[in-house]
Structures are given as structure tokens and as C-alpha cells.
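Hi everyone, thanks for making time for this. I'd like to walk you through one model today, so please bring it up on your screens.

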Amino acid sequence: MKQLFEQRLKVSAIDIRDDWPTLWSRASVLTVAGRPVLDFLIDGSLMRPRYLIRLFETARRRAVTFSRGKIAEEDYLVALKELGWQVLEDLDREIADLVPKGSDLLFEVVQQRENLTASKLRCIASKELKDPESIGKLIDVMLWNGSLGVMEGDSARYIFDVNYKRQYLATLLKGNYDASLSLHPTLVAALSAS
């Protein structure tokens, strides 16, 4: 994803004789919240190229709107919040397409995200989904689309962290109703205070 992103920006750069670090340092701050900007963008995109491009373009537009020649850290943070709402809507539609009566459950899960466990998620889902099979399907969809991760030690593991092996994440949950879960930070960013 980094190479794809770099190539796209190099093509649109006015002076392509400069190397990547020089081009990038002219266009953007180098870190966001202490992390390299490209890592921030890729993580925020849920490994989806369209979200990566949208996240960067939103931050760039914001910098231009405020007459800045360089994208600031605040631009990226505001762009992540905006992208978070779009991702919530997109993933909610994915869930509704695959799980009848699953519409809007993602929004409720995000609001109830503190100390999220498999049993808490099942309890939230059971308000709309009456059979355990549908609840299991909801969890599978959320694991697959990257909105839900499983805590392994002190870190959350999302589908793209385990080479898209949903089965691996599912085995971490199998029979463990107390398993700690994590919502992707991009979704949480949508609800964060500015």
C-alpha cells in the first residue's frame, strides 16, 4: 500500500526529480500522534486503497482550505474522524446485506465499545437478532470487514493483521465468551470529540 500511495503522489508531483522523502516533507508533516504519516494513513484506511486515498485527499483539502502549503497533523486527525463516519456507513451496509436485521447494529456496538467482549457483543446483537446463528454471522462479518478485532495480549488483531485468515480470529473467540474485542480505531475516531 505504501508503494501504491507513493507512486500515485509522485505521478501528480510537479517536480518529480526529487526523491520521495524530499517530496513528502514538502507536502506533509512527517508524523501524526508520534507515528509516521504513512503508517497512520494505512492503518486508518483498514487496508482499503479507496479509504487510503480518501483519507489523504480529505487532509490535503483541509490544508488547502486553510491556505497551508503543508498538511498539518490536525488535518489528518480531522480527516480520520470524517472517514470514520463514512466507514461506519459503508460497513453497516455490508452487515445489513449479509445479516438480515443487522442494520444499525454497528452504530450501537461503537457506542457500547468500552470493555467490549464477545458476550457483550452477543448481548447487544440479541436485541435485533434472535437466533445464535445470525449473531455468529454478524461477528464473522465484522471480523471479515475489519471493523472488529480480537485482543491477543495487549494488542488488537484485525483481519489484515493475520493475512486475512478469518478462521484464525474466529478460533480466538470460539467458546470464549469473555474474549476481549476491539473496534477499529477509525470507527472510534468518528465519535471522538474534536
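Predicted model: local features only at pLDDT ≥ 70, side-chain atom pairs only at ≥ 80, totals over all residues.

What is the phi of Asn 163? It is near 55°, a positive value in a residue other than glycine. Tyr 164 also has a positive phi, about 60°, and is not a glycine either. How accessible are these two? Asn 163 has 59% relative accessibility, and the cut-off for exposed is over 50%, so Asn 163 counts as exposed. Tyr 164, with a relative accessible area of 39%, is partly exposed.

Now to the sheet. It is open, has 3 strands in the order S4-S3-S5, and the pairing is antiparallel. S4 and strand S5, residues 181-183, stand at the edges with a single partner strand each, so one side of each has no neighbour in the sheet. On average, neighbouring strands are turned by 45° against each other, direction ignored. Strand S3, residues 148-152, is joined to S4 by 3 bridges, and Met 151 has Ala 156 in S4 as its bridge partner. H9 packs on this sheet and touches S3, S4 and S5, its direction making about 60° with that of S3.

H9 also packs with helix H8, residues 132-145, at an angle of about 130° and with the axes 10 Å apart. The two helices are therefore oblique to each other, and their crossing is right-handed. From H8, Ile 139, Asp 140, Leu 143 and Trp 144 make the contact; from H9, Arg 166, Leu 169, Ala 170 and Leu 173 do.

Last stop, the core. Which residues touch the most other members of the largest nonpolar core? Of its 56 residues, they are Trp 24, Leu 41, Tyr 76, Met 142 and Leu 148. Helix H5, residues 73-98, gives the most to this core, with 8 residues. Leaving aside neighbours within four places in sequence, Leu 148 has contacts that include Ile 139, Met 142 and Leu 143, as well as Tyr 158, Leu 181 and Leu 183.

Notes. Residues numbered from 1 in each chain as written. Heavy atoms only, no water. Buried < 20%, exposed > 50% of the residue type's maximum accessible area, 1.4 Å probe, protein only. Core = buried A, V, L, I, M, F, W, Y, C linked by side-chain atoms within 4.5 Å. Helix = DSSP H or I, 4+ residues; strand = E, 2+ residues; numbered from the N terminus. Contact = heavy atoms within 4.5 Å. Pairing = 2+ DSSP bridges. Axes fitted to C-alpha atoms, helices over the stretch in contact; angles between N-to-C directions. Parallel < 35°, antiparallel > 145°, perpendicular 65-115°, else oblique. Left-handed = near helix turned anticlockwise from the far one by under 90°.
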